[in-house]
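Keep the picture open while you read, and try to find each piece as it comes up.

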Amino acid sequence: MGAVGTAKTAPPAISPLTGEPIKRADAERLAGVLKAFADPARLRLLSLIQSAPEGEVSVSDLTAPLGLSQPTVSHHLRILTEAGLIERDKRGVWAYYRIVPSAIAAIADLLTPPRKRATKKAR
């Protein structure tokens with residue numbers, strides 16, 4: 001599994017669905033990353049970034065579709081960045097954000113029961 005999030009929020013290598021008990025520290029890290037998903041505005045941000053024709057957007061591209069102020073959008077983007085779900089690229093005065101596909105895939109893999117995961121990969 002690729003690195004997802006910071007050392008504080010990176011999900012554990014073991015899924016809570018493997019049938020083995022997940023360690024407390026691993027559960028706390030995974031919960032930190034999942035918290036980033038647990039907000040409607042952040043889910044919309046991920047969707048807007050993912051669907052952008054160039055694959056990346058600036059804050060100014062996101063305020064109108066969300067109907068939120070620039071500081072609020074920046075706050076949500078910071079949370080998603082700290083969780084390792086998106087990357088930030090600073091160019092001059094502008095910052096551009098893009099999805100980290102491996103991070104999203106790693107989370108999906110952790111939440112897919114092992115039997116379903118084996119079936120999905122066999123296809």
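What follows is a walk from the overall layout to the helix contacts, the sheet and the core.

Before we start: this is a predicted model, where local features need pLDDT of at least 70 and side-chain atom pairs count only at pLDDT 80 or more, while totals for chains, interfaces and linings use all residues. Residues are numbered from 1 along each chain as its sequence is written, and side-chain values use heavy atoms, with hydrogens and water left out.

**The overall layout**

The chain has 6 helices and 3 strands. Here, helices (H or I, at least four residues) and strands (E, at least two) are DSSP runs, numbered from the N terminus. Of the 123 residues in the chain, 34% are buried; buried means under 20% relative accessible area, with a 1.4 Å probe and protein chains only.

**Helix against helix**

Two packed helices are described by the angle between their axes and the distance between the axes. The axes are lines fitted to C-alpha atoms over the stretch in contact, and angles run from 0 to 180 degrees between N-to-C directions. Here are two pairs:

| Helix pair | Axes come within | Crossing angle |
|---|---|---|
| Helix 3 (residues 59-66) and helix 4 (residues 70-82) | 9 Å | roughly 110° |
| Helix 2 and helix 4 | 10 Å | roughly 80° |

That makes helix 2 roughly perpendicular to helix 4, and helix 3 and helix 4 are roughly perpendicular to each other too. The label covers angles of 65 to 115 degrees.

Who does the touching? In helix 3, Val59, Leu62, Thr63 and Leu66 meet Gln70, Val73, Ser74 and Leu77 of helix 4, where contact means heavy atoms within 4.5 Å. The residues of this contact of helix 3 with helix 4 split into 5 nonpolar, 3 polar and no charged.

Zoom in on Thr63, which sits in helix 3. Is Thr63 buried or exposed? Thr63 is buried, because its relative accessible area is 19%. Leaving out residues up to four places away in sequence, Thr63 touches Leu68, Ser69, Gln70 and Val73.

Now find the open sheet of 3 strands, with the order 1-3-2 and antiparallel pairing. Strand 1 (57-58) and strand 2 are at the edges with a single partner strand each, so one side of each has no neighbour in the sheet. Two strands pair if DSSP finds at least two bridges between them, and strand 2 (residues 86-91) is joined to strand 3 (residues 94-99) by 6 bridges. Lys90 stands opposite Ala95 in strand 3, and the bridge partner of Arg91 is Trp94. The hairpin of strand 2 and strand 3 has 2 residues between the strands, and Gly92 there takes a positive phi near 65°.

**The core**

Which residues have the most contacts inside the largest nonpolar core? They are Leu77, Leu85 and Ile86, in a core of 24 residues. Such a core is a set of buried Ala, Val, Leu, Ile, Met, Phe, Trp, Tyr and Cys residues joined through side-chain atoms within 4.5 Å. Among the elements that each supply at least two residues of this core are helix 1 (24-37), strand 3 and helix 5 (101-110). Not counting residues up to four places away in sequence, Leu85 touches residues including Val33, Phe37, Leu46, Ile99 and Ile107.

Definitions and conventions:
Angles under 35 degrees count as roughly parallel, over 145 as roughly antiparallel, 65 to 115 as roughly perpendicular and the rest as oblique. Ala, Val, Leu, Ile, Met, Phe, Trp, Tyr, Cys and Pro count as nonpolar, Asp, Glu, Lys and Arg as charged, and the others, Gly among them, as polar. Buried means under 20% relative accessible area, exposed over 50%, partly exposed in between (1.4 Å probe, protein chains only).
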